[in-house]
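Please look at the sequence and the structure before reading on.

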Amino acid sequence: MNSSKLSKVYNAEDFKKQANATVELLSNHLSNAINGKGKAIPYKDAETEYQFWNDFEFTSAENFFENVLDRSVRTHHKKYMGHQVGATAPLSAIAGLVSSFLNNGSAVYEMGMANNAIERIVCELLSNKVGYDKNSRGFLTSGGSLGNLTALLAAKAAYLNRHPNAKRLGIMVGEQAHYSIERTGRIMGLEAEGLILLPSKEDFTIDEHQVEKNYQRALEQGIEVIAFIGNAPSTATGKIDDLNFIAEFCQKHSIWYHIDAAHGGAAIFSTTYKGDLKGIEKADSIVIDGHKMMMLPAITTAVLFKNGTDSYNTFKQKADYLLTATEEEDWSNLAKRTFECTKNMMAIEWYVMIKAYSEDIFDEFVTKTYDNCRMLADKIKQHPSLELAVDPDTNILCFRYVHRAKTDQELNQINKEIRQSLLEEGDFYILQTILNEKVYIRLNTMNAFTEEADYDLVLKKIIDLADSNTLKSQ
Ligand SMILES: Cc1ncc(COP(=O)(O)O)c(C=O)c1O
């Protein structure tokens, strides 16, 4: 190389030094976080953060990474109870580094030989755990949102194959569905009437008694329902729809059955909780996120199809320079089935976990975090000043502070301020949501290292804040 700067960029010795120093940093970060040292979220408002990085003087990569760690959410922290992105298993993060380093784009076989073969093995394992037979196929893609879109585009393609003149299409889903479903509907060009949001029962799952009525109304409006999506679980409440009921309904009306199991799909590995996903094997397509409940780095999602052929029908288009038409199944040229052309070598992040720790590791993780959620729910139920929105199905929990003398409006303000105050303090990271116009504190028992004492402490903090009369609205 003639440029001395470029030679420095690719200097193998420098790389080793920088990588070792960074791993040293991450290793300290990990041990502090798991032991609960420091804050779960060092919260600063967005303008302050922007100013900090604008004024930041870069002295070395190590110093830069140190600052990034100092100023980022610690998903490994045992008091992290935040969004549904798990603490990455370090070995899987190392696979992520290998993926970033190799940059094997994986769109076509020869550009991702190891990864593409491994991806098939990972998807076969997942399909097998779901209960699919040998006709199933799957692939990995960048996130649950893209996974839902890809699966529903396959549903559309399958419907249009049978009804080429269909125009006004619709999809049905519980009103608690993740917003990626609504976005998918828009991208698919559905009209407002085409997104049929089904009302919930008191427990926030689809009200089975309302389904036929809504379906018939759609038909009367001239909408052809092409897919019904089950939540396993819904994001806000963590509740799982009756997957068997939806399966029967879809079979009766010849509708594609998709399950958004981005969060809860990992429970197929849990000896204790896999029964809660009964009926999952009847779905035509399923989405499972590895970065939520399987300890993998963001972002990696499996899209599984009961009938493998369906997985090839979504993006049938001409891209001759990439994809050569073949008589035989072309499983190894992944861009035929994914929205992405280039993508990460995400399969190696799953595979290394399965092989190094065996698939039992997913059982242990899911079962522990789900158990913790039930333990916390019991504590909340027993507390006179706390109210649970609904018993948990997974590891997502919504509850609120209550007081007999306060109106719902006042309670909404108090709960909002409790959460804001905890966010700014940063010892714990918890969330909030609104259900039936009531503000709830929402938390996910995402971290397997969180102990009972940590859950006791967060509840105590919540009660103390509410009782101390120090909140703005009090
Ligand atoms: C039920 C559900 N579906 C889809 C998604 C979107 O997944 P991703 O963030 O991987 O795009 C989420 C994210 O929280 C989710 O909870």
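Where is Ser106 found? Ser106 is in the loop between helix 5 (90–102) and helix 6 (113–130); helices (H or I, at least four residues) and strands (E, at least two) are DSSP runs, numbered from the N terminus.

## Basis of the model

The model is predicted: local features need pLDDT of at least 70, side-chain atom pairs count only at pLDDT 80 or more, and totals for chains, interfaces and linings use all residues. Residues are numbered from 1 along each chain as its sequence is written, and side-chain values use heavy atoms, with hydrogens and water left out.

Most residues other than glycine have a negative phi, and most peptide bonds are trans. Ser106 is not a glycine, yet its phi is positive, about 70°. Ser106 is also buried, at 1% relative accessibility (buried means under 20% relative accessible area, exposed over 50%, partly exposed in between, with a 1.4 Å probe and protein chains only). Ser254 likewise has a positive phi, near 50°, and is placed in the loop between helix 10 and strand 5 (256–260).

Ala232 and Pro233 are joined by a cis peptide bond with omega about 0°. Pro233 belongs to the loop between strand 4 (224–231) and helix 10 (243–253). Another cis peptide bond links Ala298 to Ile299, with omega about 10°, and Ile299 lies in the loop between helix 11 and strand 7 (301–305).

## The loop at Gly36

Gly36 is part of the loop between helix 2 (12–34) and helix 3 (46–55). Its relative accessible area is 17%, so Gly36 counts as buried. Apart from neighbours within four places in sequence, Gly36 is in contact with His77 and Lys78 (contact means heavy atoms within 4.5 Å). Gly36 and His76 are 40 residues apart in sequence, and their C-alpha atoms are 8.9 Å apart in space.

## Around the ligand

Which residues come nearest to the ligand? Of the 14 residues around the ligand, these are Gly144, Ser145, Thr235, Asp260 and Asp289 (a residue is near a molecule or strand if one of its heavy atoms lies within 4 Å of it). Helix 7 gives the largest share of this shell, three residues.

A polar backbone atom of Gly144 is 2.7 Å from an oxygen atom of the ligand. For Ser145, a polar side-chain atom lies 2.8 Å from a ligand oxygen atom. Asp289 also has a polar side-chain atom 2.8 Å from an oxygen atom of the ligand.

Methods
Polar contact = N/O pair within 3.5 Å; in protein donor to acceptor, adjacent residues only side chain to side chain.
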